[in-house]
Amino acid sequence: MIIANRIRESISEEQVMFNNIPIVVTISLGVAVNRAGEKTTTTELVQLADTAFYKAKQNGRNRVEQTF
């Protein structure tokens, strides 16, 4: 979550110019967590991250959401 938020903040702080017009760029990220001892497949982790991503978009965008 810390790294994902750093990435999100870094992107939103960068100014992107298009035809001399500043454009604000933001991202939403979904983070999946595999707890120690759990046998979660890569496919399952990607599905969990995808679910978290859509939750981030629904909850206001430009944010990070996490699933376990």
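Which residues make the nonpolar surface patch of about 410 Å²? In this predicted model, where local features need pLDDT of at least 70, side-chain atom pairs count only at pLDDT 80 or more, and totals for chains, interfaces and linings use all residues, the patch comes from Val16, Phe18, Ile21, Ile23 and Val25. Residues are numbered from 1 along each chain as its sequence is written, and side-chain values use heavy atoms, with hydrogens and water left out.

Both β1 (15-18) and β2 put at least two residues into this patch; strands here are DSSP runs of E, at least two residues long, numbered from the N terminus. Valine 25 sits in the loop between β2 and β3. With a relative accessibility of 31%, valine 25 is partly exposed, a label that falls between buried (under 20% relative accessible area) and exposed (over 50%), using a 1.4 Å probe and protein chains only.

The loop between β2 (21-24) and β3 (29-32) also holds serine 28. Serine 28 is buried, at 11% relative accessible area. Its side chain comes to 3.0 Å from the backbone nitrogen of asparagine 62. Setting aside neighbours within four places in sequence, serine 28 touches Phe53, Ala56, Lys57, Arg61, Asn62 and Arg63, contact being heavy atoms within 4.5 Å.

As for aromatic rings, the structure has one pair. The ring centres of phenylalanine 53 and tyrosine 54 are 5.0 Å apart and the planes meet at 70°, so the pair is edge-to-face; rings of Phe, Tyr and Trp (its six-membered ring) pair if their centres lie within 6.5 Å, with planes under 30 degrees apart stacked, over 60 edge-to-face and the rest tilted. Phenylalanine 53 is partly exposed at 26%, and tyrosine 54 is partly exposed at 47%.

Conventions
Helix = DSSP H or I, 4+ residues; strand = E, 2+ residues; numbered from the N terminus. Polar contact = N/O pair within 3.5 Å; in protein donor to acceptor, adjacent residues only side chain to side chain. Patch = residues over 30% accessible without salt bridge, like charges linked within 9 Å, V, L, I, M, F, W, Y side chains within 5 Å. Areas by Shrake-Rupley, 256 points an atom, 1.4 Å probe, with all protein chains shown as cover. Salt bridge = Lys/Arg side-chain N within 4 Å of Asp/Glu carboxyl O.
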